[in-house]
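Dear colleague,

Please find below the structure that I am handing over to you. My notes on it follow directly after.

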Amino acid sequence: SLCKAIGIRLLGGVADADGIMLAGAVASTVSKIWIEEGELNDAGRYAVNIGAYSSVVWVAQNDMQAAGTTEIYASGVGQADLKLFGNRIHNTAAAGRGIDLVGTAANPILRPQVAYNTLRGIMRMGGLERYMIVRNTAWTDVATVTDPILSLPGYQRQGQVQENVLARQTGAGNGYVFTMLDDGTNLASEIQVQGNKFIQQLTGQPVTYTRSASFLQWQNNEDGVTDAGSSTIVAHKFEALIADSVDLQVTTNHVTTIAGTWLYAFQFLANANDFDVLQVNTNMVEGAATAVRFETAAGGLFINELMLSGNNLNASTTAWSSNATLAVRTGANAGVVGVNMWEGVGSPVGVVAARAGSIYQNISGGANASFWYKESGTSSADWIAMGGSPIVFGANNADTVTAARYMAPGYI
């Protein structure tokens with residue numbers, strides 16, 4: 001029931017062949033397989049091909065340097081407990097992948113762990129469930145490579161993408177550093193993207209793109225961007241396209257660039273579907289014209305709680321903008337007690353439901369229309385605008401105050 005392959009050397013190889021292939025009846029009857037400390041310099045299709053019905057496979061501390069299509073490939077049919085640890089992968093193919101995991105919603109790869117690998121090559125991991133992608137270092141400097149350094153396409157469930165260093169280096173083709181995109185039918189849910197370093201060395205190229213994901217925690221990530229370009233590029237794009245994006249937390253990230261200016265640090269595009277509960281809090285943004293953009297298209301909306309608070313911006317950065325009429329919660333709590341602070345465009349009357357004592361600021365400004373407080377109730381009514389003409393106490397001095405109301409001394 002056990003099979004160990006330790007210290008294997010595979011040199012050369014032939015086109016359209018595999019270095020090590022685990023599949024069929026043999027793989028289905030072996031419960032644990034180790035491939036460790038090998039030198040797999042295969043020139044064929046895959047250095048390691050983990051096919052259907054393999055279970056509990058360790059591929060650890062191998063040195064892979066080849067011109068194959070992919071160094072480590074795994075399909076999803078019956079695949080569980082795949083562990084890829086500490087491998088050195090140096091793919092010299094023009095568009096080769098370092099790691100390619102191909103599961104589906106119907107046949108996901110269960111409980112894979114991909115950790116501590118070093119890759120010159122890209123990683124594509126689709127159809128994963130209950131997974132960890134942790135502390136890998138991956139990069140490309142190959143001009144023909146336009147795929148993301150790490151892409152998570154299609155079905156994804158209950159995963160962690162943490163503390164990886166992902167770099168699109170000078171010389172690589174244009175493209176993203178990281179993407180997590182639906183495939184038109186399946187999407188990501190319950191994913192943590194935390195503590196990663198996204199390095200983009202190409203001028204005027206975006207960093208990440210996430211589409212149709214729900215229950216997403218995007219936290220403590222940091223950019224390393226050489227040149228954002230000329231204020232036309234979005235650093236991090238989130239889109240609700242094939243389904244609502246529900247419960248997104250985008251917090252404590254650092255968006256920056258050495259040169260150039262981002263158009264938006266974060267863009268949230270409700271495109272035919274909605275963002276339902278979105279928090280963008282305590283991020284640090286440098287080098288962006290606008291920190292956060294809320295945008296709607298094709299009937300998409302921002303519904304329920306929309307909160308933007310505690311973000312640290314440099315002096316030249318606009319906090320947020322939108323092409324739609326929105327009210328954004330900018331402070332205090334969103335619970336059933338306490339008051340809130342809001343920002344929006346225009347009057348809150350009939351638009352913003354809040355508790356008594358809440359404050360609303362109209363970023364469009366205007367006399368008697370810039371500052372409002374909630375006098376009573378919890379509905380969108382009972383907002384009172386504050387403002388008016390000045391009242392001057394003392395002698396009438398028309399030389400310094402025009403069109404004012406005056407009261408004699410002693411009156412109040």
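In this predicted model, tryptophan 139 belongs to strand 18, which covers residues 137-140. Its relative accessibility is 23%, so tryptophan 139 is classed as partly exposed, given that buried would require a value under 20%. Beyond the neighbours within four places in sequence, tryptophan 139 has contacts with Thr118, Leu119, Arg120, Gly121, Ile149, Ala167 and Gln169. Between tryptophan 139 and leucine 150, which are 11 residues apart along the chain, the C-alpha separation is 9.2 Å.

Asparagine 362 is part of strand 41, residues 359-362. With a relative accessibility of 8%, asparagine 362 counts as buried, because the limit for that class is under 20%. The side chain of asparagine 362 comes to 3.1 Å from the backbone oxygen of alanine 369.

The largest pocket holds about 250 Å³ of space. It is lined by 13 residues, of which Asn304, Ala327, Trp342, Val351 and Val352 are the closest to its centre. Two or more lining residues come from each of strand 36 (302-309) and strand 39 (327-332). Strand 36 contributes the most to this lining, with 5 residues. Sorted by class, the lining of the largest pocket comprises 9 nonpolar, 2 polar and 2 charged residues.

With kind regards

Note on methods
Residues are numbered from 1 along each chain as its sequence is written. This is a predicted model: local features need pLDDT of at least 70, side-chain atom pairs count only at pLDDT 80 or more; totals for chains, interfaces and linings use all residues. Side-chain values use heavy atoms; hydrogens and water are left out. Helices (H or I, at least four residues) and strands (E, at least two) are DSSP runs, numbered from the N terminus. Buried means under 20% relative accessible area, exposed over 50%, partly exposed in between (1.4 Å probe, protein chains only). Contact means heavy atoms within 4.5 Å. A polar contact is a pair of N or O atoms within 3.5 Å; within protein, one must be able to donate a hydrogen and the other to accept it, and residues adjacent in sequence count only if both atoms are side-chain atoms. On a 1 Å grid over the protein atoms alone, a cavity is a set of points where a 1.4 Å probe fits but cannot get out, and a pocket is an open set with protein on both sides within 12 Å along at least five of seven lines; lining residues have an atom within 4 Å of a point. Grid points are joined across faces, edges and corners, and a volume is the space filled by probe spheres set on the points. Ala, Val, Leu, Ile, Met, Phe, Trp, Tyr, Cys and Pro count as nonpolar, Asp, Glu, Lys and Arg as charged, and the others, Gly among them, as polar.
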